[in-house]
Structures are given as C-alpha cells and as structure tokens.
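Thanks for coming. I will go through one structure, starting with a charged pair. Please look at the model first.

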Amino acid sequence: MSKLKPFDITPEQWSVLNQIALSEGLNQKEVATRADKDQPTTTRILDLLAKKGLIWREVSPQDRRAFLLHVTEAGEDLLAITTPIEHECSHQISEGIDPSELKIFKDILSRMNANLEAK
C-alpha cells in the first residue's frame with residue numbers, strides 16, 4: 001500500500017487509526033484486538049499517531065491506568081482522504097479470490113497471530 005506514503009502513514013498505522021475512528025473511546029487492548037496487532041506493536045503505533053497529532057488519549061474514568069482513544073480533526077481529515085485509497089487497494093489485493101477462501105485465509109492468519117502472542 002505504497003499509495004499511503006504521500007500521506008505519511010503506514011498501512012499498520014492506518015488500520016489502527018481507522019479502528020479508533022470506527023469506535024471512539026476504545027482502550028488500547030480493544031484497538032489491538034480489532035486491528036489484529038500485539039500490545040507492544042499497538043503501543044508503538046499509538047505513540048506515533050499521537051505524535052503526528054492524529055489521535056488523543058483520555059484517562060479512563062473506570063480505570064485510571066487505562067486510556068480511551070479518540071481521533072483528532074486532523075486524523076478524521078486524513079481518514080476521509082485515505083479511506084478510498086485503502087478500499088481500492090483492498091479490492092485490488094483480493095481480486096479473483098473467492099470470499100470464502102479469503103475468510104479461511106484471515107481465520108488462519110488470526111490463529112497464527114494468536115499462537116505467536118501466546119509464546
């Protein structure tokens with residue numbers, strides 16, 4: 001997805017930013033699960049997104065150790081511009097592949113990732 005390069009965001013960062021935008025107020029653990037990333041990777045990505053001014057953190061009222069994540073206006077603007085690019089790339093990468101095969105592939109990748117996190 002080199003088409004995101006001019007926007008100074010990687011596909012991994014975009015995925016995390018998008019998950020936060022889809023469900024404002026998620027905590028880091030929820031974002032990691034939804035983006036299918038491990039905790040250390042998610043932390044690193046969140047730090048970069050915050051440094052770029054694309055997200056902000058709020059201390060959770062239920063757990064002072066946790067942060068709730070929100071997209072800034074700059075993050076929303078970036079997503080508005082890049083979402084069509086991401087959709088086009090997703091369509092290109094899965095072109096000619098049966099949806100049932102894609103589901104199996106994603107399930108296997110998810111289990112492999114879970115195996116790595118369990119170690």
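Glu88 is partly exposed, at a relative accessible area of 38%; partly exposed lies between buried, under 20%, and exposed, over 50%, with a 1.4 Å probe and protein chains only. This is a predicted model, where local features need pLDDT of at least 70, side-chain atom pairs count only at pLDDT 80 or more, and totals for chains, interfaces and linings use all residues. Residues are numbered from 1 along each chain as its sequence is written, and side-chain values use heavy atoms, leaving out hydrogens and water.

What does Glu88 meet in a salt bridge? Its partner is Lys3, at 2.8 Å from N to O. A salt bridge here is a side-chain nitrogen of Lys or Arg within 4 Å of a carboxyl oxygen of Asp or Glu. Lys3 lies in the segment before α1 and Glu88 in helix α4, so the pair ties together parts 85 residues apart in sequence. Helices are DSSP runs (H or I, at least four residues), as are strands (E, at least two), numbered from the N terminus. Lys3 is also partly exposed, at 38% relative accessibility.

The structure holds 5 salt bridges. Another one joins Arg57 and Asp47, with their closest N and O atoms 2.8 Å apart. Arg57 sits in strand β2 (residues 55–59) and Asp47 in helix α3, 10 residues apart. Arg57 is partly exposed at 32%, and Asp47 is partly exposed at 41%.

A further bridge pairs Lys103 with Asp107 at 3.2 Å, N to O. These two are 4 residues apart in helix α5 (residues 99–118), about one helical turn. Lys103 counts as exposed at 52%, whereas Asp107 is partly exposed at 33%.
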